[in-house]
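Here is a short briefing on one protein model. Please look over the sequence and the fold before reading on.

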Amino acid sequence: MDGDGRAAPYDDAALLTIGAFARASRLSPKALRLYDELGLLPPAHVDPHSGYRHYAPAQLERARLVAWLRRLGMPLARIREVCELAPDAAAVAVAAYWAQVEADTAARRDLAAFLVDQLERENTAMTTPHTPLTMRYAALTDQGLMRPAHQDAAHAGPRLLAVADGYGPGGGQAAKAAIEALKGLEDQDLTSADLLGALEDAAHRAHRNHRAHRDHRAAPAADEATDSTTGSTLTALLRSGTQLALLHVGDSRAYVLRDSGLFQITHDHSLVQSLIDEGRLTPEEAASHPQRAQLLRSLDGATEFAPDLQLLEARPGERHLLCTDGLTGVVPTETIQQVLTAADDPDQAVRELIRLAREAGAPDNVACVVAEMTGAQGGVGAVP
């Protein structure tokens, strides 16, 4: 069998129809057509007139391997790699994949525990008096070691935490403008019922302002970049008592550190994340994908603004991290968790995270915001 799964040479009389091959391999005809389109399991022969696919019996071994790997839940991109390996190497690859599955399952188990805890909090919050909270916070940004301009922005205040990652010729201004549009929320006396609406309205104003700037800008010269390539991510938390409203668009991230671990509470709006979700790309492949910076959603002047929104219940002892991909792209999640756990206060945490990003080469701008929820006490940088 050659590298693409074709049997050569073959006897026309021995070829199997797609239906017969599907029954023998325990793959559906629909799956076989998909695997043909992906180059994973092309037929041995396609009738030039009818388009009917025919398969050689020698292809059954590869087809059954594909079927087994799909039953394991292996993404098609990785199955293609395994099928091209010699048996010993393929065995090593399958073992490595399953080890990663077990690690991911453990992470999902922890996330499920987080969600159960969050839902229980929402239920008990209706009948249980809230524990008064104090929020200590810190924000820090860094240009990094390779970027010619600083296009990240961050804010940490008594009520509002936010990070933004600008891109394009006006990205720095776009990121700053996005956060400036939210800062007025610091002075508003909002109830928990108002939080999400107020945060969303402020972000929509920032989006409309960016679009208006683009639409009314004088026509640029032929060699000048336009604002159509300019925009920003935006991830923000707005607090009222123990309630936290989260708004997110783009590939900056928000995390929460609780007793059970560190959890990412946002989902990247990026091309590579969508490919991972569809099983067409592995996380390892995503790290070096040439389009890893391409966003599917952002705050810009060319697309509709569609942020993710959710309401969280905060408790004493939690620490929240908002950061741009300049941090998560070079510092492992395990290391981030260690820093957030060990730091004496948010200021030490953001400084250590920036230091680690620079130590890892800091190829991008970096922005970090860390907030800690504690029992209500006075003090500098602590707001009830």
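Predicted model: local features only at pLDDT ≥ 70, side-chain atom pairs only at ≥ 80, totals over all residues.

Residues are numbered from 1 along each chain as its sequence is written, and side-chain values use heavy atoms, with hydrogens and water left out.

**Overall fold**

- The protein chain has twelve helices and 16 strands. These are DSSP runs, numbered from the N terminus: helices are H or I with at least four residues, strands are E with at least two.
- Of the 384 residues in the protein chain, 45% count as buried. Buried means under 20% relative accessible area, exposed means over 50%, and partly exposed lies in between (1.4 Å probe, protein chains only).
- Take the contacts in the protein chain between residues at least 6 apart in sequence: 68% of them join residues at least 24 apart. A contact means heavy atoms within 4.5 Å.

**Helix pair α1 and α3**

- Helix α1 (residues 18-25) and helix α3 (residues 60-71) have axes that come within 9 Å and cross at roughly 60°. Axes are lines fitted to C-alpha atoms, for helices over the stretch in contact, and angles run from 0 to 180 degrees between N-to-C directions.
- α1 and α3 are therefore oblique to each other. Under 35 degrees counts as roughly parallel, over 145 as roughly antiparallel, 65 to 115 as roughly perpendicular, and the rest as oblique.
- The crossing of α1 and α3 is right-handed.
- Phe-21, Ala-24 and Ser-25 of α1 meet Leu-60, Ala-63, Arg-64 and Ala-67 of α3.
- The residues of this contact of α1 with α3 are five nonpolar, one polar and one charged. Ala, Val, Leu, Ile, Met, Phe, Trp, Tyr, Cys and Pro count as nonpolar, Asp, Glu, Lys and Arg as charged, and the others, Gly among them, as polar.

**Helix pair α11 and α12**

- The axes of helix α11 (residues 333-342) and helix α12 (residues 346-359) come within 9 Å and cross at roughly 150°.
- α11 and α12 are therefore roughly antiparallel to each other.
- α11 passes α12 in a right-handed crossing.
- Thr-335, Ile-336, Val-339 and Leu-340 of α11 touch Ala-349, Glu-352, Leu-353 and Leu-356 of α12.
- By class, the contact of α11 with α12 has six nonpolar residues, one polar and one charged.

**Helix α6**

- Buried residues in α6 are Gly-171, Gly-172, Ala-174, Ala-175, Ala-178, Ile-179 and Leu-182.
- An α-helix has 3.6 residues a turn, so residues three or four places apart point the same way.

**Positive phi outside glycine**

- Arg-26 has a phi near 65°, a positive value in a residue other than glycine. Arg-26 sits in the loop between α1 and α2 (29-37). Arg-26 is exposed, with a relative accessible area of 77%.
- Ala-362 is not a glycine, yet has a positive phi of about 40°. Ala-362 lies in the loop between α12 and β15 (366-375). Ala-362 counts as buried, at 0% relative accessibility.

**Met-373**

- Met-373 is in strand β15 and counts as buried, at 0% relative accessibility.
- Met-373 and Pro-316 are 57 residues apart in sequence and 4.9 Å apart in space, C-alpha to C-alpha.
- Not counting residues up to four places away in sequence, Met-373 touches residues including Leu-133, Met-135, Arg-239, Glu-318 and His-320.

Key:
Left-handed = near helix turned anticlockwise from the far one by under 90°.
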